[in-house]
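I opened the model to look up a few things and keep notes on them. The entries follow in the order in which I made them.

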Amino acid sequence: MRFAAVLPLFLLISGAVLLVYSLIPRENLAGDLVLENGTYEMVRCQGTMILQVNGSLCVDVRDMELREIARGSSVNELVSFPLLKVRGSRLELTVSNYDAVWRRSYDFSDGGSLIPMERGEWNLSASSDGQITLYGIERYNPARGDLVRSDDSVKVACGSIINETYLILYNPSQESIRVRVLTGHDIDVYSLSISIGLVLAALLVRRYSHAIGSGGGALTGAGLYPNS
């Protein structure tokens, strides 16, 4: 009897605690990145995101489509709008167009991405001590996203995601910068659903207990004397 009286209260308190928990905004770490001078990182845009940065950072929101062209420790291809993803500590890059030749070396601590040239016709040659993946950018359109900057962070509300929406992060400074990427969740829908279920269960158990308590005598009598 004591358990039947305590159970609704236990369910109600559990549901209330879980409800408060589900409504508390939280941030989850989605990435801890290092951007060297002149390099990029691409992060898939999802919901609300917070970028904590210890230096100058350029942020853009783009709807992108990439086509893989080649991969390996070295690549040599004709490409119109190149993007290179590097998984190594060093990259040697040469890009030429007719008589113009452009050479550059990059050092990486955790790999990164490069968009060395805009649209054109480029002979691109690159080598690395790690893996290189060369893509051609098929689509690179501005996408909807609200950016709010503070002293050491950028908050991005990505809005509705159409196709492949990315945050394009670029380091324009001469020094490497570190970027912590956090995803924000305003409401935990899963926990909210469970909390509502617990509250409803508490109300049902309490109602059932009252029904048993108020009608118990009549039910007992009917059970003892079924033919009277």
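**Entry 1: a surface patch**

Which residues form a nonpolar patch on the surface? I found Ile 196, Leu 200 and Leu 203, with about 280 Å² of accessible area together. Before going on, I note that this is a predicted model, in which local features need pLDDT of at least 70 and side-chain atom pairs count only at pLDDT 80 or more, while totals for chains, interfaces and linings use all residues. Residues are numbered from 1 along each chain as its sequence is written, and side-chain values use heavy atoms, with hydrogens and water left out.

My rule for patches takes residues with over 30% relative accessible area and no salt bridge; like charges are joined within 9 Å, and nonpolar side chains (Val, Leu, Ile, Met, Phe, Trp, Tyr) within 5 Å. Accessible areas come from the Shrake-Rupley method with a 1.4 Å probe, and for residues only the protein chains shown count as cover. I placed Ile 196 in helix α2, residues 189-224. Helices (H or I, at least four residues) and strands (E, at least two) are DSSP runs, numbered from the N terminus. Ile 196 is partly exposed because its relative accessible area is 44%, and the class runs between buried (under 20%) and exposed (over 50%), with a 1.4 Å probe and protein chains only.

**Entry 2: the chain as a whole**

I looked up the secondary structure and got two helices and 13 strands. Of the 228 residues, 37% count as buried. The chain exposes about 13,700 Å², and carbon and sulfur atoms supply 55% of that area. I also checked contacts (heavy atoms within 4.5 Å). Among those with a separation of 6 or more, 84% are between residues 24 or more positions apart.

Is Val 179 buried or exposed? Val 179 counts as buried, because its relative accessibility is 0%. I found Val 179 in strand β13, residues 177-185. Leaving aside neighbours within four places in sequence, its contacts include Gly 31, Asp 32, Leu 51 and Leu 169.

I then turned to Leu 169, which lies in strand β12. Leu 169 is buried too, with a relative accessible area of 0%. Leu 169 and Val 179 are ten residues apart in sequence and 9.2 Å apart in space, C-alpha to C-alpha. Not counting residues up to four places away, Leu 169 touches Leu 33, Tyr 40, Val 43 and Cys 58, among others.

**Entry 3: salt bridges**

How many salt bridges does a search of the whole structure find? The search finds eight, where a salt bridge is a side-chain nitrogen of Lys or Arg within 4 Å of a carboxyl oxygen of Asp or Glu. One of them joins Asp 63 and Arg 139 at 3.0 Å, N to O. Asp 63 is buried because its relative accessible area is 11%. I noted that Asp 63, Glu 65 and Arg 139 are linked in a network of salt bridges.

Arg 71 and Glu 68 meet at 2.8 Å, N to O, and Glu 68 counts as partly exposed at 39% relative accessibility. Arg 90 and Glu 92 meet at 3.0 Å, N to O. Arg 90 is partly exposed at 34%, and Glu 92 is partly exposed at 34%.

**Entry 4: the largest pocket**

What is the volume of the largest pocket? I read about 320 Å³. On a 1 Å grid over the protein atoms alone, a pocket is an open set of points where a 1.4 Å probe fits, with protein on both sides within 12 Å along at least five of seven lines; lining residues have an atom within 4 Å of a point. The lining has 18 residues, and Tyr 40, Ile 115, Pro 116, Glu 118 and Tyr 170 lie nearest the centre. Strands β4 (58-79), β7 (100-107) and β12 (165-170) each supply at least two residues of the lining.

How values were computed:
Grid points are joined across faces, edges and corners, and a volume is the space filled by probe spheres set on the points.
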